[in-house]
Amino acid sequence: MIELKDICVTFAKGTPLQNTIFDHFNLQINTGEFVTVIGGNGAGKSTLMNIISGELLADAGSITLDNMNVSHWLAHQRAKLISRVFQDPLLGSYADLSIEENLSLAYSRGKPRTLCPAVTEATRSIFRENLQHIGIGLEDRLTDKMGSLSGGQRQAVSLVMATLRPSKILLLDEHTAALDPKMERLILSLTQKLITEKKLTALMITHSMSQALEYGNRTLVMHHGNIVKDLIGSERDHLKATDLVEFF
Amino acid sequence: MNMIQFLGAVQMGLIYALVTLGVYLTFRSINFPDLTIDGSFPLGAAVAASLIVSDVNPFTATLIATLAGALAGFVTGYLHVRWKILGLLAGILTMTALYSINLRIMGRPNIALLTEPTVFSFLTGSNGILYGIGAIVLVIGYLLYRFLTSQFGLALRATGNNMRVSPSYGINVGFMILIGLGVSNGLVALAGALFAQAHGFADISMGSLTLVTGLASVIVGESLFHSNHMAIVVISCILGSILYRLAIMLALNSQIAGLQASDLNLITSVLIIMAMLIPQIRQKFPLKSRRSL
């Protein structure tokens with residue numbers, strides 16, 4: 001379970017550009033929930049992600065992961081418990097490293113990095129197996145550079161990277177926004193598949209109202225740093241994408 | 001060009017291969033333009049020479065010189081990581097400070113080692129020093145290859161490739177920069193210590209071209225092999241350094257071009273500038289067959 005309590009975030013404090021994003025923000029995500037988040041620009045969706053991942057430290061408030069207070073942990077420390085897929089396929093992985101090196105880096109997440117070889121026959125077969133599982137034919141291209149893949153392929157590998165090691169929560173930051181509609185569907189169904197199979201807890205930001213309701217089992221509508229609607233169960237099931245607009 | 005000149009250039013290339021590997025580590029692996037090395041090369045020479053004339057075992061002296069270089073790298077890294085001083089400036093500041101420190105260590109602008117025991121003393125034959133340095137470079141190259149392909153080394157290279165995403169894979173970016181600078185400057189100081197012992201002197205001004213020489217050698221090596229395989233990268237750094245020395249010697253020996261020794265800096269700078277411009281020019285005027293899909 002992940003719990004955000006009384007989170008306060010203000011950008012550019014003490015300047016004329018002062019901008020309060022969160023004022024005593026609270027959120028609780030239960031283990032096994034796949035939460036989708038929707039909201040307009042400036043609603044605080046990305047800030048929420050950055051607060052959880054530790055890329056941004058809150059001015060006040062606490063974040064607990066399974067009763068562990070991680071409020072003061074830095075991003076690289078929280079990576080033990082949190083995995084993430086970024087919006088931009090170019091920025092979310094290592095373009096100049098090979099696919100197997102990318103996977104190896106993800107495979108070491110949360111473990112001490114030793115002077116043992118990063119890629120061995122044993123790890124290579126684990127990587128091949130995981131790539132085979134997503135079925136887009138990358139298992140024979142382990143030594144190719146990540147940068148040689150298309151945006152969609154890179155996001156697919158990024159998903160494998162994020163789910164290679166267990167995590168308390170998987171953060172998906174509009175991870176299909178940069179893709180064409182066909183690839184978007186593929187990556188989303190792949191996301192759903194991996195989350196279901198590995199019984200992950202996930203938080204996904206999306207820009208599409210239909211996606212927000214189609215995927216996952218709980219939907220948050222955010223507006224100006226507040227959760228204006230928390231949809232779950234039958235209420236969510238009966239809602240149409242067009243109904244969501246009213247909450248903005 | 002005669003045989004003595006040729007072997008001299010190869011030997012010089014092998015010593016500077018350690019510098020080249022250090023430059024690769026900073027400029028390419030952690031993407032940090034480190035100027036500290038212009039100070040840590042003479043630092044290595046100064047520490048080794050001063051200890052040897054004080055009757056310290058030359059192997060111990062060389063080891064301490066290497067560690068002193070690593071320490072200099074840590075200082076630059078600390079200034080950058082902890083206090084957010086621009087990387088380029090942090091390196092310049094450490095390098096500037098090292099000039100005074102090196103003078104303090106030596107107590108005078110240069111130390112002669114011609115009559116002192118060195119790590120090469122037990123090697124006999126006319127090319128003993130050359131083979132000795134060759135062996136050291138091979139061992140260091142192999143160790144570096146193992147380091148760069150290890151889990152830790154991969155995380156270090158990842159840092160330079162994409163600094164933003166690295167924390168989300170649990171990589172402590174600041175720590176990686178610190179280690180990268182430490183190892184790099186350790187290698188460069190080792191090169192300085194070996195140079196002093198091979199050539200029989202340590203001099204306060206011997207570091208002035210370290211960075212550009214190393215960078216030019218990295219570029220020469222990269223133009224030989226386009227590969228991301230670490231074994232090939234290490235080999236291309238070593239070969240790049242030797243070829244750079246040979247090319248410089250050829251250029252200065254040829255009567256036709258009318259070049260003289262003082263043109264070395266100009267040639268080196270032009271070489272580096274060309275290597276940096278060519279990819280941009282290619283991008284701006286792509287050949288039709290190279291068009292992306």
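The structure is a predicted model. Chain A holds nine helices and 10 strands. Its radius of gyration is 18 Å, which agrees with the value near 18 Å that a compact globule of 248 residues would have.

**Overall dimensions and packing**

- The C-alpha trace of chain A spans about 50 × 40 × 35 Å along its principal axes.
- Of the 248 residues in chain A, 42% count as buried.
- Among contacts in chain A with a separation of 6 or more, 69% are between residues 24 or more positions apart.

**The four-stranded sheet**

- An open sheet in chain A is formed by four strands in the order E2-E1-E4-E5, and their pairing is antiparallel.
- Strand E2 (19-29) and strand E5 (68-69) of chain A are the edge strands, each pairing on one side only.
- Two bridges join strand E4 (residues 60-65) of chain A to E5(A) in the antiparallel sense.
- In this part of the sheet, A:Leu65 stands opposite A:Met68, a residue of E5(A).
- Helix H1 (residues 45-53) of chain A lies across strand E1 (2-11), E2 and E4 of chain A.
- The angle at which H1 of chain A runs to E1(A) is about 115°.

**Helix H6**

- Helix H6 of chain A covers residues 181-197, which is 17 residues.
- From its first C-alpha to its last, H6 of chain A reaches 24 Å, close to the 24 Å expected at 1.5 Å a residue.
- The buried residues in H6(A) are A:Ile187, A:Leu188, A:Leu190, A:Thr191 and A:Ile195.
- Viewed down the axis of H6(A), the buried residues fall within an arc of 160°, so they line one face of the helix.
- A:Lys182, A:Ser189, A:Thr196 and A:Glu197 are exposed on the other side of H6(A).

- After H6(A) comes A:Lys199, which has a positive phi, near 50°.

Definitions and conventions:
Residues numbered from 1 in each chain as written. Chains lettered and ligands numbered in written order. Predicted model: local features only at pLDDT ≥ 70, side-chain atom pairs only at ≥ 80, totals over all residues. Pairing = 2+ DSSP bridges. Contact = placed C-beta atoms within 7 Å. Axes fitted to C-alpha atoms, helices over the stretch in contact; angles between N-to-C directions. Rg over C-alpha atoms; globule rule 2.2 N^0.38 Å. Buried ≥ 20, exposed ≤ 12 C-beta atoms within 10 Å, placed from the backbone. Expected span 1.5 Å × (residues − 1). Arc of directions from axis to C-beta.
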